Amino acid sequence: MTDQELTPGGALDFSQASPARTYNALLKGRTAYAADREAADKVLAMAPDAQLVARENFRFAGRAAAWAVAEFGIGQAADIGVGVLDADIELPSVEDCVRQVDPEARVVAFDNDPVVLAHARSGRSYGRVLHGDVTDLDTVFGNPELGDALDLSAPLLVVLAAVLHFVAEPAAVMAELGRRLAPGSVVVLSHATTTDTETRRVAGMTKAYDNASSHIRFRPEEEIVGLVDGWDLVDPPGLCDVAEWGLPEPHDGQVGEHVRVVGLVAVRPDHHGQGRKR
Ligand SMILES: C[S@@+](CC[C@H](N)C(=O)[O-])C[C@H]1O[C@@H](n2cnc3c(N)ncnc32)[C@H](O)[C@@H]1O
């Protein structure tokens, strides 16, 4: 694909790495450009398992979303920070996984990267993707193109996979979600962590995004699980490596040696502190 195909007006900047395209490079997708591949190479120099962990994160998002839809009977989902899904990524998307459980489910994806949206519009990506910035939920739930596809008075599944580590104040995002979502809503969340990772590796991976359109922030596990304070954490498995969430056997120990992404699922309780019964 050429830049011109995606940017007839020439409005997109491919000279700077973007988190969406750098992740696409790690997943061996076809949508990364030189700056993105350079950032991905810097990540891989620090964490040779980053490609495997990226794939495990992608799988976690779909697996946990499908589990939540089956477990709680939620018929609608918002995948915020969906990334670029192209034909070279041979893994089922969140939307695919949710539809396997509930073919009628309404699934809408959002992202704030114009390239993600350009791909969706060009038909090179799959699924419905709208502009939305997770740090300003009016742009997500108030997007005029959304129409009545999502009903916030009913439980909603919100997927925040590997997106909050690009956000300076994730606790504010979670607090706002807690205010807007109906009781019984569920969040699927994953995040890169400093816990049990060498400091020099975290520093190197953080630096790899220095010139990117968003910076990455690794956080300790306590801070990540603290994002769902006031929600009912699904435990077991609680917060764990994405490769392990919801699987009967732990992974083989290779994934997560040099970089760790951890995941959780949590339910928004009602005003009396009651989550939906499992
Ligand atoms: C590492 S990718 C994860 C993609 C996908 N969620 C997954 O886990 O497979 C992070 C995505 O979050 C998006 N993103 C970063 N900051 C965002 C924000 N403030 N609002 C919405 N999306 C954002 C990026 O553009 C990118 O597509």
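Helices (H or I, at least four residues) and strands (E, at least two) in this tour are DSSP runs, numbered from the N terminus. The model is predicted, so local features need pLDDT of at least 70 and side-chain atom pairs count only at pLDDT 80 or more, while totals for chains, interfaces and linings use all residues. Residues are numbered from 1 along each chain as its sequence is written, and side-chain values use heavy atoms, with hydrogens and water left out.

**Stop 1: the ligand shell**

**Stop 2**

Pick glycine 81, where a backbone N or O atom lies 2.6 Å from a ligand nitrogen. Move to aspartate 111: one of its polar side-chain atoms is 2.6 Å from a ligand oxygen. Then try asparagine 112, with a side-chain N or O atom 3.4 Å from a nitrogen of the ligand. How much of the ligand does the protein bury? Taken alone, the ligand exposes 600 Å², and the protein buries 95% of that (Shrake-Rupley areas with a 1.4 Å probe).

**Stop 3: an aromatic pair**

Show the rings of Phe, Tyr and Trp (its six-membered ring), which pair if their centres lie within 6.5 Å; planes under 30 degrees apart count as stacked, over 60 as edge-to-face and the rest as tilted. The count comes to 5 aromatic pairs. One of them joins phenylalanine 60 and tryptophan 245 edge-to-face, at 5.9 Å centre to centre and 80 degrees between the planes. Phenylalanine 60 is in helix α4 and tryptophan 245 in the loop between β7 (240–241) and β8 (260–267), so the pair ties together parts 185 residues apart in sequence.

**Stop 4: backbone details**

Select proline 236, in the loop between β6 (232–233) and β7. The peptide bond to proline 236 from aspartate 235 is cis, with omega near 5 degrees. Proline 237 is in the loop between β6 and β7, and the bond from proline 236 to proline 237 is cis, with omega near 5 degrees.

Finish at alanine 162, in the loop between β4 (157–161) and α8 (170–180). Although alanine 162 is not a glycine, its phi is positive, about 50 degrees.

Key: Polar contact = N/O pair within 3.5 Å; in protein donor to acceptor, adjacent residues only side chain to side chain.
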